[in-house]
Amino acid sequence: MYKVTLESLLTDSIALKHLPNAGFRHAVQTAENAFKLAIERGICPDLATKAGLLHDIGHTNWEEHGEWDYESYNYFDIHPIKGAERAHELLTLKGEHLGKAREIALAILFHSGSSPITRNIELTPLQRLIMEADDLDAREGGKHHNLEISFEKALEKVKNLDRLVQDEIKDCDDNCESCHRR
Ligand SMILES: [Fe+2]
Ligand SMILES: [Fe+2]
């Protein structure tokens, strides 16, 4: 029933390659924040924790003439778009339910509050939740990306979250199309 775990996502080579760009600590903290908010709001904790863990998987080098180009990186929504695509690829490779993969990828696409993409869009409860779970960990000047924990610690926290999510969705019939918790 609960096929794709956070542990299986975190330990995949796609996540290992890209998550360090924004930091394992920030990824795991956002997943933990997302779990708490999901329980408070009656939103699916499976979707919320996966989107939380993977929300910044799209961070990448973005240079113009050999210089980091923050302006176009931000204005053209590079990391949310890449993140939605990478997360969707990772989730479907792992065998995620396609309805879940879509909801998670869209929550990642719309997670950035400063992004022009989100300006004229009414966010779903899950999409708003991921934006807020991310913001709860934000520190001035993007310092939340530089604070680190070991990979072992990140794995331990993610395994704990897997147990909590499993417990919450044990009666779920996995029919995401008819589920209102997103
Ligand atoms: Fe982000
Ligand atoms: Fe973030």
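My entries on it follow.

I worked from a predicted model, where local features need pLDDT of at least 70, side-chain atom pairs count only at pLDDT 80 or more, and totals for chains, interfaces and linings use all residues. Residues are numbered from 1 along each chain as its sequence is written, while chains are lettered from A and ligands numbered from 1 in the order in which they are written.

**Annotation.** I looked up the UniProt record, an unreviewed entry, and found "domain: HD/PDEase" over residues 19–148. I kept in mind that such positions are given in the numbering used here, that feature names are shortened, and that annotations may be inferred rather than shown by experiment. Over residues 19–148 I read 56% helix and 3% strand, with the end C-alpha atoms 12 Å apart. Helices (H or I, at least four residues) and strands (E, at least two) are DSSP runs, numbered from the N terminus.

**Helix 3 and helix 8.** How do helix 3 and helix 8 pack? I found residues 24–41 and residues 125–135 at an angle of about 135°, with axes 8 Å apart. The axes are lines fitted to C-alpha atoms, for helices over the stretch in contact, and angles run from 0 to 180 degrees between N-to-C directions. That makes helix 3 oblique to helix 8; angles under 35 degrees count as roughly parallel, over 145 as roughly antiparallel, 65 to 115 as roughly perpendicular and the rest as oblique. Helix 3 brings Thr30, Asn33, Ala34, Leu37, Ala38 and Arg41 to the contact, and helix 8 brings Pro125, Leu129, Ile130, Glu132, Ala133 and Asp134. Contact here means C-beta atoms, placed from the backbone, within 7 Å.

**Arginine 128.** This residue also lies in helix 8.

**Helix 4 and helix 9.** I then checked residues 45–54 against residues 151–168, and the angle is about 155° with axes 9 Å apart. That makes helix 4 roughly antiparallel to helix 9. Pro45, Asp46 and Thr49 in helix 4 meet Leu161, Val165 and Glu168 in helix 9.

**Asparagine 160.** I found this one in helix 9, and its 14 C-beta neighbours inside 10 Å make it partly exposed.

Conventions: Two residues are in contact if their C-beta atoms, placed from the backbone, lie within 7 Å. A residue is buried if 20 or more other C-beta atoms lie within 10 Å of its own, exposed if 12 or fewer, and partly exposed in between; C-beta atoms are placed from the backbone.
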